[in-house]
Amino acid sequence: MNTFLSESQEALKDTYLAFAKEHVLPVANQLEDHTLSLKDFVQKLGQQGYLGIVVPKEYGGAGGNFIDLVLFVEAVSQFDAGLGLTLASHYGVVELINKFGSDVQKSRYLPLLARGECVGALAINEQQAGTDFMAVATTTTGGALRGEKTWVVNGSIAGLFAVLARTESGVEIRLVDSAADKSIKVGADKSKLGLRSAVTNDVSFDKHQLGKDSLIAEGKTDAALQLVMNVAKVIAGAASVGVVESALSHSAEHARTREQFGQKISQFQGIQWKLADMSAEAAAARLLTYRAAWSKDDKPEEFVRDAAMSKLFASKVARLHSAEAVQILGALGILSDSPTERAYRDSKVLEIAEGTSEAQKLSLVKELGI
Ligand SMILES: Cc1cc2nc3c(=O)[nH]c(=O)nc-3n(C[C@H](O)[C@H](O)[C@H](O)COP(=O)(O)OP(=O)(O)OC[C@H]3O[C@@H](n4cnc5c(N)ncnc54)[C@H](O)[C@@H]3O)c2cc1C
């Protein structure tokens, strides 16, 4: 196994970071306070090829691998981790169709998803079915979808929902086109602590008539759910790596320039040790996340474990060290719109979205066979 990036991946990483600096950094605050349309921004990402990184070339994508996608998420999340969450939901749907879609579903949806003409959204959780998502009450009886989903990222900008629903004999996943249909209602964007640029909505289906090609992964729902959730976890891990990188660069820069007691605060050992811990744990979170991205395709039997480790560790490191970054900046660190204040808020949400830290531990315990 080679856990290091190839030369071409290193080059891709630089390209993505340059893109993020030029196109995400200048609008990160407007995306966060919704004065810039997320839908328009995401469509532009699609036009530039960033929504089809792992879509095969025959369907209009870049035909890249999962590590390429993770590198892109890490880069944009240094400036706006909410975009990381937006991408987790979109690419969860892309990978679901990539791996489990029929030829009809692939040729109908993948080109649209890759070009950003259609954004994907995962509609799994319900009020009573959070960590225990298999308790969903949404049904698909008689060819009609009925039920209420909650916390659907991309809900108000989605063109395609992947919906987990109950049948008479178990659960299944349906692909649901959101195109102007009165039987689908999308609630207001939720106001939340962090990752604010990602829109999150309740979505209800009232006797929505399902198309004949809407069923996906027939007989393989468990495997499909595992894939979708683990893909989303690793993307959340990559977003967390972006957040801790932002915390590190801003706090190190501040420490180098701020003077107290006649010297730079970077000369105080208390500050140095915070920065040393931050850089070591950021690197560990990054390696774990790249490893998880690699195992998806190259060692699938370890993907469940690696995805849980990436999500658990990277989001914890992001929360702990964004708090330390705020501390290093002192009063400046808590100013609204400062990158450290944002990292602090975003990182807490990253410990909940795409499965809580406790849910990751449950996966790891299961993998240990305990
Ligand atoms: C920003 C954001 C984006 C999201 N995006 C989506 C999305 O796109 N699509 C979607 O379907 N859902 C989405 N979700 C929902 C998300 O998956 C759930 O919030 C998450 O799974 C936890 O469910 P819950 O909030 O209902 O908490 P609960 O399940 O009620 O858990 C409450 C607490 O109990 C703990 N807990 C629960 N069970 C156990 C256990 N067995 N052992 C130990 N502790 C346990 C949890 O870890 C948590 O700390 C999103 C959530 C957020 C916050």
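**Exercise 1. State what share of the residues of the protein counts as buried, and how the overall dimensions compare with a compact globule.**

Solution. Of the 370 residues, 55% are buried, meaning under 20% relative accessible area with a 1.4 Å probe and protein chains only. This is a predicted model in which local features need pLDDT of at least 70 and side-chain atom pairs count only at pLDDT 80 or more, while totals for chains, interfaces and linings use all residues. Residues are numbered from 1 along each chain as its sequence is written, and side-chain values use heavy atoms, leaving out hydrogens and water.

Next, take the radius of gyration over C-alpha atoms; the globule rule is 2.2 Å times the number of residues to the power 0.38. For 370 residues a compact globule would have a value near 21 Å, and the protein has 20 Å, which agrees. The C-alpha trace spans about 75 × 45 × 40 Å along its principal axes.

**Exercise 2. Describe how helix α5 and helix α6 are arranged.**

Solution. First, locate the helices: α5 covers residues 81-100 and α6 residues 103-115. Helices are DSSP runs of H or I with at least four residues, numbered from the N terminus.

Second, compare the axes, lines fitted to C-alpha atoms over the stretch in contact, with angles from 0 to 180 degrees between N-to-C directions. They come within 10 Å and cross at roughly 150°. α5 and α6 are therefore roughly antiparallel, the term for angles over 145 degrees.

Third, list the contact (heavy atoms within 4.5 Å). α5 contributes His90, Val93, Val94, Ile97, Asn98 and Phe100, and α6 contributes Gln105, Lys106, Tyr109, Leu110 and Leu113.

Note on methods. Helix = DSSP H or I, 4+ residues; strand = E, 2+ residues; numbered from the N terminus. Parallel < 35°, antiparallel > 145°, perpendicular 65-115°, else oblique. Buried < 20%, exposed > 50% of the residue type's maximum accessible area, 1.4 Å probe, protein only.
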